[in-house]
Protein chains: 2
Amino acid sequence: MKIDERHLIQLAAVVKTGGVTEGAALLGLAQPAVSRTLSMLEKRLGEPLFVRGRRPLQPTTFGLALAEHGFVMLAASRKASDLVESFRVGKSGVVRVGGTPFFMDGLIAGICAEFQSSHPDVRIDQSYGYFPDLRAALKADQIDLAICPIDILDEGSGLEFQQILPGRNVVACRVTHPLLLKRRPQPSHLLEYPWVAPPPGSPLLADLRALLLSFGATELKIRYSGGSLMAVINYLKTADALTIMPHSVVFAQRKDKSITALPITIPHPERALAILSRVDAHRSPAVDQFATFVRSGFESLRHLIKRHEEAVVWGL
Amino acid sequence: MKIDERHLIQLAAVVKTGGVTEGAALLGLAQPAVSRTLSMLEKRLGEPLFVRGRRPLQPTTFGLALAEHGFVMLAASRKASDLVESFRVGKSGVVRVGGTPFFMDGLIAGICAEFQSSHPDVRIDQSYGYFPDLRAALKADQIDLAICPIDILDEGSGLEFQQILPGRNVVACRVTHPLLLKRRPQPSHLLEYPWVAPPPGSPLLADLRALLLSFGATELKIRYSGGSLMAVINYLKTADALTIMPHSVVFAQRKDKSITALPITIPHPERALAILSRVDAHRSPAVDQFATFVRSGFESLRHLIKRHEEAVVWGL
DNA sequence: AAGATACTATAACGGATCGTTATGAAGATC
DNA sequence: GATCTTCATAACGATCCGTTATAGTATCTT
């Protein structure tokens, strides 16, 4: 015989609290409701669930056995409610975020860790990609957010762009690089050193091409390419090579004192780091929370960079 | 946010089966019912539970997490249904049975074991007592059944008597007792041996008094009293003492070949072994099953005794 | 690629039941 | 034994639940 799960829960509540009134209160119901439920159950089952006229109400062996199952349900119901609640406020769920490798490795991974210190039950599924892939992934609903540099003229119909950092590049090298000793390194000096290329497909690679050609290079002297951010940094730490990187990525590495930016201004691309999302997509609270967290993280990073530049005279 | 447990179960069923139609079938519902439930849930939660347009239906991370709790409820619900079902057919529950010590020890305990070989989930709470106590216990709803010898004139208003065996007593002794060698032992011979008294308060004790006095004894030569059935049997096995016992109890011990009945007829009391129960009480199916089992057990015992008496000429 | 098929979503409806307030009955406590 | 708390019953309104009928959509087949 099937028993309404709600009735089992009411039974459990009454058994737990030892009274119809208290049990009803526990469930936020009026007393007659659960009283009727119990009467109905006893009539239906043809078996008393409580010994009559005892206070506190004492369950029958049978009633207790049934209530045990009710306890399970009550607990499961509570857990489900908690889950929903934590989900609604963005405290649980999944965030699928894709981004360009350097930003992800250099900045976002750390931000994810910070985010999860306040949202431990939010899982973050990260993936790599460049703008075309990310745009496709967004539209296919494979990721919730994309964090990548976008060109002004990038086509992004149906996508929402939230700019979070200007797309400024710098030339990076190790802190012991000889060029850092010069007062005012000239662009032509740059061509004297080997270069490390950003990953193929990245906007940075195009930037590097344009940069070197503008400096008068007839061909690219690429010594190393294809490495991740960590590979590039480790390469740079061991050789006097140069590479091009987003300023923010280099800035984030300042604590390590292994690489830094050359005090030379290079043409900045018409590009900005942005958070992309589908404009028509449903965004779970967790995704919203994460996006705002990333935005505020970059906001403070921008201020940090500003103050840093004011403090140390840039190029000294 | 509280979620209707029924909805969680429906969600679980759909996740489990991978389809709305199959999930509805699993619960014995029509498809539109659970379809509406899902739509309503998604609207209420503001969060998709399934990825749209995929077959088999694939739950969202969130939907799956919620469904997990639904699984728990589904399982608990099934278990509760099974419990009710087994209870309804008397396959589970509790039987509280009280009875006189000798019958309980000598006959009922074994019958209980037999009963439970077919009803393993029925718990039997046994207690001892004589008629007045048992009647009180029945009326106070402390026991469901009483098994005891009752006098014809016992007052039992509100109680139902089901006679299961005539109340015939025999004189018991060990199988090596010298009186068994006599062709026709006379009542007077009985007085030459020490007697073991049944427990105080038992009808047997009154029977013993009456018997001995009718045999011309001026006083009772009681050597041992107060022991349980096992104590009495062990005493008898070690001495040529005599005692009075219900025939059925002695009969049940025949396998042990340690005690037997003297081939002497003694006046049988106006008494019968009966199953007592409150006439107005609710009896659970398990109690009913047990009562009928006991009745049928004694029924076959009665036939057994009859055939046994026809086979071995009684008194040889 | 287009029809066929199967599954899901929506609409409309009848009815069960759930929860409420009001009130009476029964224990428990002093 | 009187009072107070608690449980049971009655009446009622409304939610919502499950049903049938039907339209829309995705998958499969040839």
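A salt bridge is a side-chain nitrogen of Lys or Arg within 4 Å of a carboxyl oxygen of Asp or Glu. The model examined here is predicted.

**Exercise 1.** Determine with which residue A:R283 forms a salt bridge at 3.0 Å, and classify the accessibility of both partners.

*Solution.* 
Step 1. The closest N and O atoms of A:R283 and A:D288 are 3.0 Å apart. The criterion asks for a separation within 4 Å, and the pair forms a salt bridge.
Step 2. Partly exposed denotes the range between buried, under 20% relative accessible area, and exposed, over 50%.
Step 3. A:R283, at 29% relative accessibility, is therefore partly exposed. A:D288 has a value of 34% and is likewise classed as partly exposed.

**Exercise 2.** State which parts of chain A are tied together by the salt bridge between A:E160 and A:R283.

*Solution.* 
Step 1. A:E160 and A:R283 form a salt bridge in which the closest N and O atoms are 3.7 Å apart.
Step 2. A:E160 belongs to strand β6 (residues 159–166) of chain A, whereas A:R283 is found in the loop between β12 (271–278) and α11 (285–311) of chain A; the pair therefore ties together parts that are 123 residues apart in sequence.
Step 3. The relative accessible area of A:E160 is 26%, which means that this residue is partly exposed.

**Exercise 3.** Locate the two partners of the salt bridge between A:R96 and A:D141, and describe their accessibility.

*Solution.* 
Step 1. In this salt bridge the closest N and O atoms of A:R96 and A:D141 lie 3.2 Å apart.
Step 2. The pair links distant parts of the chain, with A:R96 in strand β3 (residues 92–99) of chain A and A:D141, 45 residues apart from it, in the loop between α6 (131–139) and β5 (145–151) of chain A.
Step 3. A:R96 has a relative accessibility of 23% and counts as partly exposed. For A:D141 the relative accessible area is 40%, and this residue is also partly exposed.
Step 4. Over all chains, the structure holds 20 salt bridges.

**Exercise 4.** Derive how the two copies, chain A and chain B, are related.

*Solution.* 
Step 1. Among the residues of chain A, A:M73 comes closest to the rotation axis, its C-alpha being at 2.6 Å.
Step 2. The same surface serves both copies, as 100% of the contact residues of chain A recur in chain B.

Methods. Residues numbered from 1 in each chain as written. Chains lettered and ligands numbered in written order. Predicted model: local features only at pLDDT ≥ 70, side-chain atom pairs only at ≥ 80, totals over all residues. Heavy atoms only, no water. Helix = DSSP H or I, 4+ residues; strand = E, 2+ residues; numbered from the N terminus. Buried < 20%, exposed > 50% of the residue type's maximum accessible area, 1.4 Å probe, protein only. Least-squares fit on C-alpha atoms with pLDDT ≥ 70 in both. Contact = heavy atoms within 4.5 Å.
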